[in-house]
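I opened this entry to keep a record of what I looked up in the structure. My notes follow in the order I took them.

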Amino acid sequence: MEFRKKCKSESGFCTKICKKNWLKILGIVGRDGGYTAKVADACIIIPTPNPANTTPHAEAFQAVIWHLIVSHPKLKFAQTKWNQYMLVNQAIFLDRDGVLNESIVKNGKPYPPATLAELVIAEDVLPALQMLKSLDYLLICVTNQPDVLRKNTTREIVESIHSKLMELLPLNEILVCYHDDKDECLCRKPLPGLLFQQQINIILI
Ligand SMILES: [Zn+2]
């Protein structure tokens, strides 16, 4: 919502976001193309036989292009309805220790907080997550916590840390792998098991 408000109020906000995220910009506009013609990777300027109809002509042509895009077989999961496609959520996956909270450094090596008292939210994390949230991203923390099996902490402590993180930060979910290397599980990062959990599908669609 915030994103849409900003798009309307701040000229070029959407294009800046697109460029930052390496997206291509296709412009379909009337008159001389204006700002869009300058920033777009490709820009189609609709001829204007009647200046009173510039906007409806350009928008009608935009609708044709949208239809071609959403009818693409690769988007079949959205049943070719552009409004359903737009409603699929987007998420950002974040690591926990050293990203959301400070790692505890001992002898030059980073460790996760072993108690709730050791939990310190890293600087600037809250405003950064709030900004991502305002762009309509779901925020999902994905973390390996082998220290429970290694007896450096307990599962209860890890869960209390996660409750605190959920309370202090605008996270939608925290997904955890409690295994260690020898377990050879599929959910220990960098393997992608956690990302394929049923839980994720429920959140995303
Ligand atoms: Zn695992």
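**Entry 1: N101**

I began with the side chain of N101, which makes a polar contact with the side chain of D97 at 3.0 Å. The model is a predicted one, so I read every value here as computed. I then looked up where N101 sits: its place is the loop between β3 (90-94) and β4 (104-106). Is N101 buried or exposed? Its relative accessible area is 1%, and because the cut-off for buried is under 20%, N101 counts as buried.

I listed what N101 touches, leaving out residues up to four places away in sequence. The list reads R96, P113, L119, V120, I121, A122 and L165.

**Entry 2: L165 and the cores**

Next I asked how many residues the largest nonpolar core has. The count is 16, and L165 is among those with the most contacts inside this core, along with L100, L129, L139, L169 and L171. The elements giving two or more residues to the core are α6 (125-134), β6 (137-144) and α7 (155-168).

**Entry 3: backbone checks**

Which residues does the cis peptide bond join? It joins K189 and P190, with omega at about 15°. P190 has its place in the loop between β7 (173-177) and α8 (198-204).

D124 has a phi of about 70° and lies in the loop between β5 (109-111) and α6. Its relative accessible area is 54%; the cut-off for exposed is over 50%, so D124 counts as exposed. D136 also has a positive phi, near 70°, and is found in the loop between α6 and β6. At a relative accessible area of 37%, D136 is partly exposed.

**Entry 4: surface**

L26, I44, F61 and V64 make a nonpolar surface patch of about 310 Å². I checked F61 in particular: it is found in helix α4 (residues 54-70) and is partly exposed, with a relative accessible area of 31%.

I then looked up a cysteine, C14, which lies in helix α2 (residues 13-20). C14 counts as partly exposed at 30% relative accessibility. The C-alpha atoms of C14 and I25 are separated by 9.8 Å, and the two residues are 11 apart along the chain.

**Entry 5: totals**

I finished with values for the protein chain. Its secondary structure comes to eight helices and seven strands. Of its 205 residues, 31% count as buried. The chain exposes about 13600 Å², of which carbon and sulfur atoms supply 60%. Among contacts between residues at least 6 apart in sequence, 53% join residues at least 24 apart.

Key. Residues are numbered from 1 along each chain as its sequence is written. This is a predicted model: local features need pLDDT of at least 70, side-chain atom pairs count only at pLDDT 80 or more; totals for chains, interfaces and linings use all residues. Side-chain values use heavy atoms; hydrogens and water are left out. A nonpolar core is a set of buried Ala, Val, Leu, Ile, Met, Phe, Trp, Tyr and Cys residues joined through side-chain atoms within 4.5 Å. Buried means under 20% relative accessible area, exposed over 50%, partly exposed in between (1.4 Å probe, protein chains only). Helices (H or I, at least four residues) and strands (E, at least two) are DSSP runs, numbered from the N terminus. A polar contact is a pair of N or O atoms within 3.5 Å; within protein, one must be able to donate a hydrogen and the other to accept it, and residues adjacent in sequence count only if both atoms are side-chain atoms. Contact means heavy atoms within 4.5 Å. Patches are made of residues with over 30% relative accessible area and no salt bridge: like charges are joined within 9 Å, nonpolar side chains (Val, Leu, Ile, Met, Phe, Trp, Tyr) within 5 Å. Accessible areas come from the Shrake-Rupley method with a 1.4 Å probe; for residues, only the protein chains shown count as cover. A salt bridge is a side-chain nitrogen of Lys or Arg within 4 Å of a carboxyl oxygen of Asp or Glu.
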